[in-house]
Amino acid sequence: HYARRTVATYEQWLRRFLRFHQRRHPREMGSAEVNAFLTHLAVEGQVSASTQNQALSALLFLYRELLERDLDLEGVIRARRRPRLPVVMSVAEVRAVLERLDGVEALVAGVLYGGGLRLMEALRLRVHDLDLQRLQITVRDGKGGKDRRTMLPSRLAEGLKAHLEAVRRLHRQDLAEGYGKVQLPHALDRKYPHAPVEWGWQWVFPQQHRWRNSETGEQGRHHLDPTVIQKAVRRAVLASGIITPATCHTFRHSFATHLLETGQDIRTIQELLGHKDIKTTMIYTHVLNRGPLGVRSPADAL
């Protein structure tokens, strides 16, 4: 039940582990080799704490779940975890970046900022996840496998409506040509055989070209590749002339920060972002020197 990206990441770390030890079989190695690899990452690789923990998770899965062996991790030099503040754009900077995006890229970026979504959460939206009447977005199977609801900006409603009409015409064309099936999660296509061609299950942001399954010969449409949006946002940031090193995820940070600046309570923001722990949301309180409840510097009273 691991996410595909997690599976790919674990495979990549296991390959690096095997290359580090000259491709010895994992059954011939154990705690000493794992400790040596993790220490190498921290000391020579200078990786971050999260990167080292990611490698550790992959190795723990290999030994505990597949080889059914425990590991002794004492003596590992752990990468130092340094607190980092999120990169946040001002409202003016967000506007400058969004104004330099158009088409589908503008809609995706608008959803990222307007609803506080992660990039893959936005790209994996299906038609029935958008409620244009109530102006709500349902995020399904987000980080940690959780569902949540967040807001859909009213300024995006008309653009999304026109976009969905174009996507529906494309879907009808695919059906007429004998295609139009979409991949469903958790084997739902076996439980509901007709669901893959139903309109509600289609991607909100499908790819321009159909993919083809080399084994079965079937064709269908997947959602947009994340690099399409990442490159478009990068170009828009450079064209806007702002100095903030903004990325797609910066829209999510800016969403939370700007809500705090307008006086929204942090519990509401926690629910909108889908954070399990309020401590994760508390990092955005670094902006509370502004806004209606802001803390004033004593220098401003001079």
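The lining of the largest cavity splits into five nonpolar, three polar and three charged residues, where Ala, Val, Leu, Ile, Met, Phe, Trp, Tyr, Cys and Pro count as nonpolar, Asp, Glu, Lys and Arg as charged, and the others, Gly among them, as polar. The model is a predicted one, so to speak of local features takes a pLDDT of at least 70, side-chain atom pairs count only at pLDDT 80 or more, and totals for chains, interfaces and linings use all residues. Residues are numbered from 1 along each chain as its sequence is written, and side-chain values use heavy atoms, with hydrogens and water left out.

Back to the largest cavity: V167, L170, H171, D174, G180, K181, V182, Q202, W203, P206 and R221 line it. A cavity here is a set of points, on a 1 Å grid over the protein atoms alone, where a 1.4 Å probe fits but cannot get out, and lining residues have an atom within 4 Å of a point. The space inside the largest cavity comes to about 100 Å³, a volume being the space filled by probe spheres set on the points, with grid points joined across faces, edges and corners. Searching the whole structure turns up two cavities of 30 Å³ or more. The second largest cavity has about 40 Å³ and is lined by R118, G142, K143, K146, R148 and G274. That lining holds no nonpolar residues, two polar and four charged.

Next come the pockets, a pocket being an open set of points with protein on both sides within 12 Å along at least five of seven lines. The second largest pocket has a volume of about 360 Å³. Its lining counts 14 residues, and V94, L98, G110, Y113 and R155 are the ones nearest the centre. Helix 4 (91-98) and helix 5 (103-115) are the elements that give two or more residues to this lining, and helix 5 gives the most, with five residues. By class, the lining of the second largest pocket has 10 nonpolar, two polar and two charged residues. Helices (H or I, at least four residues) and strands (E, at least two) are DSSP runs, numbered from the N terminus.

Helix 1 (residues 4-20) packs against helix 2 (residues 31-43) at an angle of about 105°, and the axes are 10 Å apart. Axes are lines fitted to C-alpha atoms, for helices over the stretch in contact, and angles run from 0 to 180 degrees between N-to-C directions. Helix 1 and helix 2 are therefore roughly perpendicular, the word used for 65 to 115 degrees, while angles under 35 count as roughly parallel, over 145 as roughly antiparallel and the rest as oblique. On the helix 1 side, W13, R16, F17 and F20 make the contact, and helix 2 brings E33, V34, A36, F37, H40 and L41; contact means heavy atoms within 4.5 Å. Seven nonpolar, one polar and two charged residues make up this contact.

As for strands, three of them form an open antiparallel sheet in the order 1-2-3. Strand 1 (130-131) and strand 3 (148-151) are at the edges with a single partner strand each, so one side of each has no neighbour in the sheet. Strands pair if DSSP finds at least two bridges between them. Strand 1 and strand 2 run antiparallel and are joined by two bridges, with D131 opposite Q136 in strand 2. Four residues lie between the strands in this hairpin, where L135 takes a positive phi near 55°. Strand 2 (residues 136-139) pairs with strand 3 over four bridges, also in the antiparallel sense. There, T138 stands opposite R149 and V139 opposite R148 of strand 3.
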